[in-house]
Amino acid sequence: MKKTNWMFLTHILIYTLTLILFPGCTEKEATMKQQFPVQKSDAEWKKKLTPEQYRVLRQAGTERPFSGIYTDNEKPGVYRCAACGAELFRSESKFHSGCGWPSFDSAAKTGTVILRPDNSLGMTRTEVLCANCGGHLGHLFDDGPTATGMRYCINSESLKFEKKDPAE
Ligand SMILES: [Zn+2]
């Protein structure tokens, strides 16, 4: 009788622990495998992008500072995602940060980019991703010189500039 009670209690304990632990695991997994509207296989992205675009956008690489074609671009227009074409940033929010990458103080619209904690390379940073395809764009820092206080440090390889905003 005593043994049966112990077994019963153990089962209850395991069941409760599973309930507590399991939702935590699935939530973490869901964040890792976030679903984006644009879904392509690795092979499809490789075919669509240049090797350098693939390295930055799909493998969270970083282009060499001052090497990107848009770092000093001052023309009016919109910056689209080089992978999926979604509008990400506008020339009005671009500024010269001196960091060697195109810098913006805000995204084109709310929800065009998503932010994710990035603890790689022994640093605590905020990764910026395209909300439409999940492509890696760059990082966000809160030391911007404008009113927003934000500095979106974005790789030129992740962007495709379109002169003048067609919506305006
Ligand atoms: Zn995209």
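Helices (H or I, at least four residues) and strands (E, at least two) are DSSP runs, numbered from the N terminus, and two strands pair if DSSP finds at least two bridges between them. One thing before you click: residues are numbered from 1 along each chain as its sequence is written. This is a predicted model, where local features need pLDDT of at least 70, side-chain atom pairs count only at pLDDT 80 or more, and totals for chains, interfaces and linings use all residues.

Next, select residues 125–130 and 136–141, which are strands 6 and 7, joined by four antiparallel bridges. Val128 has Gly138 as its bridge partner. Five residues sit between these two strands in a hairpin, and in the turn you'll find Gly134 with a positive phi of about 80°.

How enclosed is strand 7? Five of its six residues are buried, so it is largely enclosed by the rest of the structure (buried means 20 or more other C-beta atoms within 10 Å of a residue's own, with C-beta atoms placed from the backbone).

Terms used:
Buried ≥ 20, exposed ≤ 12 C-beta atoms within 10 Å, placed from the backbone.
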